[in-house]
Amino acid sequence: MQCPKCHFEHPLQSSECLRCGLVFSKYAGESAGESVSNAAATDFPPPTVEPPLSADELLALQRKAHRELMCRVFALPGALLLGWLVVETMPLLADFLRMWTHECGHAIAGWLCGYMALPTAWITIRSAERERIVSLLLAAGLSFGGYVAWRAERWFWVVVSAAVLVLLIAGNMLTEFKAAGLFTFGGDAGSFVVATILMATFYARPESAMCRKQLRWGLLLLGAIAFMDAYLTWAGGFEKIVDWLEDMERGPSDLMQLTQMYGWTIGEMQARFLRVAHLCMVVLAGMYAAGIVQAMQRKAAIASAPSVEE
């Protein structure tokens, strides 16, 4: 046996060290008492042993885990299918819902470029010149949020905070002309991103308010309808895009500004907007697969949990 104090090892020492005379049982008692005192000094509660679940409690958890797995298998594809049906049968409702993600896309692009922007119904109010205080406040908020996420070991939000901070820096480095173009492009491009974020809330943590109050279902449907409305417009053929190009009810459309001021052809616009949409689809596919794997792991863990009767 090896002495825990001087590390001398000899096969004949079983109760005390042959070199330093340390009594092993006494040393073990002192070490345990020191650990308890250190835990009390740092306000760590003593470990608790959870009692085994009853058979009814275990069955309820298993049913809940199975229900969550089925939701994660069918919710996202079902929401996108429902979004397609709403676009085809109730286009005015779909356009109204998409309008909010579209204007939020404009506003987010403006914030990332240093503009004051306020999304409203059918129009986003934007300051004529950049306001550096906007960028400073956003950078401070992102840095603080990333620090809090790092302290909480929420690595996903650490990555998100860092990525948005990089986008903020890149947006502020653009010229006024390019920043205004990004603001215009950010309408439908941002609509895809905002709709994806809304659908991503479905995979929030079970203890979050999104899940407890069932908010994730409404946000999932809203995001799916807005996403499909924008996607079917840009993937629906040349005629739909030309009709939108000639829509002048609320002034020059985004498409007209991109074609006349920035020289984009309709084919270029279609390719760029669809590129953003397909990237969002890849992100959704990754979240969909990860969500199913996570639900399966949780179900397996609950199935192997001991109950009182075992």
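Trainee: Which residue does Arg72 form a salt bridge with?
Mentor: Arg72 pairs with Glu68, and their closest N and O atoms are 2.8 Å apart. A salt bridge here means a side-chain nitrogen of Lys or Arg within 4 Å of a carboxyl oxygen of Asp or Glu. This is a predicted model, where local features need pLDDT of at least 70 and side-chain atom pairs count only at pLDDT 80 or more, while totals for chains, interfaces and linings use all residues. Residues are numbered from 1 along each chain as its sequence is written, and side-chain values use heavy atoms, leaving out hydrogens and water.

Trainee: Where do Arg72 and Glu68 sit?
Mentor: They are 4 residues apart in helix H2 (residues 55-89), so about one helical turn separates them. Helices are DSSP runs of H or I with at least four residues, numbered from the N terminus.

Trainee: Are those two buried or exposed?
Mentor: Both Arg72 and Glu68 are buried, meaning under 20% relative accessible area; exposed is over 50%, and partly exposed is in between (1.4 Å probe, protein chains only).

Trainee: Which residues are linked in a network with them?
Mentor: A network of salt bridges links Glu68, Arg72 and Arg216.

Trainee: New topic: what does Arg98 pair with?
Mentor: Arg98 forms a salt bridge with Asp188, with 2.6 Å between the closest N and O atoms. That pair links distant parts of the chain, 90 residues apart: Arg98 is in helix H3 (residues 91-112) and Asp188 in helix H6 (residues 176-200). Both Arg98 and Asp188 are buried.

Trainee: And how many salt bridges does the structure hold?
Mentor: It holds 5.

Notes:
Helices (H or I, at least four residues) and strands (E, at least two) are DSSP runs, numbered from the N terminus.
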